[in-house]
Amino acid sequence: MQIAALLKEENIHLRLAAKEKRDLLAAMTEDLARSGVVRDLETCLAAVLEREEQCTTGVGDGIAIPHCKSDVVDRTVVGAVTVPNGVEYDALDGKPVRLVFMILTPAGTDDDHVRVLARLSRLLLMPNLANRLCDATDAENFLQIIREGETVLMEEGKRQMQRKAEIAAAAGKYDVLAVTACPTGIAHTYMAAQALEQTAHELGIALKVETNGAAGVHNELTRQEIAACKGILIAADRAVEMDRFAGRPVICVPVSKAITDTKELLCQAAAGDAPLYTLEEDHGQETVRTETRVMRLYRHLMNGMSKILPLLVAAGVLGTLANFLPEVAGVPLYQLGMAANTMVLIVLSAYIAKSMAGEVGLTIGSAVGALSQMGASLVGWCMPGFVGSVLAGFVSGAVARLVQRWFRKVPMVFSSLKPILPYPVLGIGIAGLIMLVLNIPATIVFSALYGGWQAVPMWAACLLGAVLGGMMAADLGGPINKIAYMIAVLMLTTQQMDLMAAAIAAGMVPPLATGLAAWMGKNKFTKQERIEARTNVLMGLSFISEAALPLANRDPHATRLSFITGAAIAAALSILWGCGSPVPHGGIFVVPLMENPLAWLLALAVGTLTSTALLLLLLKKLPEPTQEHAE
């Protein structure tokens, strides 16, 4: 499906002066609606914004591809704009977006939707094409560049197919096999696949990529190929079929890594430099097996954690606002906040189970999570808290998978009954009975954690806060950062707000310090880094730690010490001065809701200044040629 055939000159707008992401999406949707293919503008815009909330469509390098399927769209249409000054878009790399393509397709046309996205993603990865589009003189020139790119893409596609056919015919062997999958299974899945294929071609690595997208599994890997390859790369943010890779060297990374660290990952996989993947039944390779299990458990847990954040924000904001209003108006808000807070731990259990076993897990996890929060056990009432919720989620997911396995060979005529009768009845029954037992030790562990935190002396609390703060700044969005953040969020479910305030302050220090240091120490930063300093500050104020990653990657030794020290100090001071945050996100925007907000701002300032001073001290001056080039 040709992009040039779907993109009309009247839907191309160059040098748009957009300031906000939402305004940009609204303007593009309205423009496409004027083409006569959209019957209800508001419904269509709501669908575009809803898709954006699931996962950003800002794919990096200044490019965004917002898209949606809707019943009010009559046929597939594409629009494009360029924004010379860029617009903040929450992109994967945190950079402003300058080139935007919007795709609207009718509901029920999954194949068309995915084909257009995949083709556009491959097109925009062509060297220098995006820059040429941004510099286009008019709509006609813009469209001509698209046509030329598609011609090259078709020729390249033919050559790649011939090369793959030659490789397959020669020996049926590939150096590297890859699987890409993202939560929604659309843009990032195919962007990662194209980035891998393009880089593999440049490196001379024989590669085959299986895409687990919205339209299903394409280019599926065969058992013979898996047995013969040197290494396997799994770039996925959701579960894919892994049992087939038992005994083979496997690298597992988030799908975004396949886009940003493509060359390194392919070289590692081609060298076979990866642990062997082992099934749970395999008793060999104990260390590798344990690491694989931990990675799986971590992914399931983070899936549940991501789902409870909106509820925690709602509960915190509504509950806090209720305190500032008269009783008549405040009581309903307080009740709504309590309702949201009540659902937090049930949703946590439900979505951990869903990550493990799909919709069946969601059903079982919801019921068993509610049972756990009711405090039911074999010895009477108990209080398992978030420990019980996490256990309920994993137990429900495991039982859901077991029950589905039991009924795998049921005759097809009875298949429609499985999700209605045996799955929920047996699943909830078995998982519920297990949790009636496990809620007892869960209560003991939760009481120790909850009571222990309340009983620790102030010096110990500050020390623990410093450790948590250091973890928040250790890898800037990586596993260590997420573990620290998860601890703060789980404690927030018990109304312990001090760790949450400490974590937010710590996470804001690295990008704020980076921006401030770039402004103060010009001889230690490139021109581009100084230009991005203002963006770093804005992202830091919004509690987006990843804004500091570019500098961290340039000089990891200097930045790691600086970031961790400043973050640890900010977190420790936040706890020392009795600060607390009722919401788990928002950065500077939720300061009015905090306990002791002025003290918290002071803690943040001290940590940021400390980190900034260390950066200016430890970073090396750039060589003169680099400075001249930057200027």
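Student: How many salt bridges are there by this rule?

Tutor: The count comes to 11 salt bridges, and keep in mind that this is a predicted model.

Student: Why is the Arg119 and Glu150 pair called a salt bridge?

Tutor: The cut-off is a side-chain nitrogen of Lys or Arg within 4 Å of a carboxyl oxygen of Asp or Glu.

Student: Are Arg119 and Glu150 buried or exposed?

Tutor: Buried means under 20% relative accessible area. Arg119 has 11%, so it is buried. Glu150 has 1%, so Glu150 counts as buried too.

Student: What makes Arg132 and Glu148 a salt bridge?

Tutor: Their side chains meet at 2.9 Å, N to O, and the limit is 4 Å, so they qualify. This pair also links distant parts of the chain, with Arg132 in helix α5 (residues 129–134) and Glu148 in helix α6, 16 residues apart.

Student: Why does the Lys230 and Asp175 pair count as a salt bridge?

Tutor: Their closest N and O atoms are 3.7 Å apart, and the rule asks for within 4 Å, so the pair is in. Lys230 lies in the loop between α8 (223–228) and β10 (231–236), and Asp175 in the loop between α6 and β7 (176–181), so the pair ties together parts that are 55 residues apart in sequence. Lys230 is partly exposed, with a relative accessible area of 47%.

Student: Which residues do salt bridges with shared partners join into one network?

Tutor: Glu30, Asp31 and Arg34.

Student: Which residues touch the most other members of the largest nonpolar core?

Tutor: That core has 70 residues, and Met305, Ile308, Leu348, Met500 and Trp600 touch the most other members. Helix α17 (residues 498–520) gives the core its largest share, 14 residues. Leaving out residues up to four places away in sequence, Met500 touches Tyr485, Ala488, Val489, Leu492, Ser581, Val583 and Pro584.

Student: How do you know how the span of helix α15 compares with what is expected?

Tutor: Helix α15 (residues 458–474) has 17 residues and reaches 24 Å from its first C-alpha to its last, close to the 24 Å expected at 1.5 Å a residue. Its buried residues include Ala460, Cys462, Gly465 and Leu468.

Student: What covers the buried residues of α15?

Tutor: The cover includes α14 (422–455), α16 (479–492), α17 and α21. Just after α15, Leu476 takes a positive phi of about 50°.

How values were computed:
Residues are numbered from 1 along each chain as its sequence is written. This is a predicted model: local features need pLDDT of at least 70, side-chain atom pairs count only at pLDDT 80 or more; totals for chains, interfaces and linings use all residues. Side-chain values use heavy atoms; hydrogens and water are left out. Buried means under 20% relative accessible area, exposed over 50%, partly exposed in between (1.4 Å probe, protein chains only). Helices (H or I, at least four residues) and strands (E, at least two) are DSSP runs, numbered from the N terminus. A nonpolar core is a set of buried Ala, Val, Leu, Ile, Met, Phe, Trp, Tyr and Cys residues joined through side-chain atoms within 4.5 Å. Contact means heavy atoms within 4.5 Å. The expected span of a helix is 1.5 Å times one less than its number of residues.
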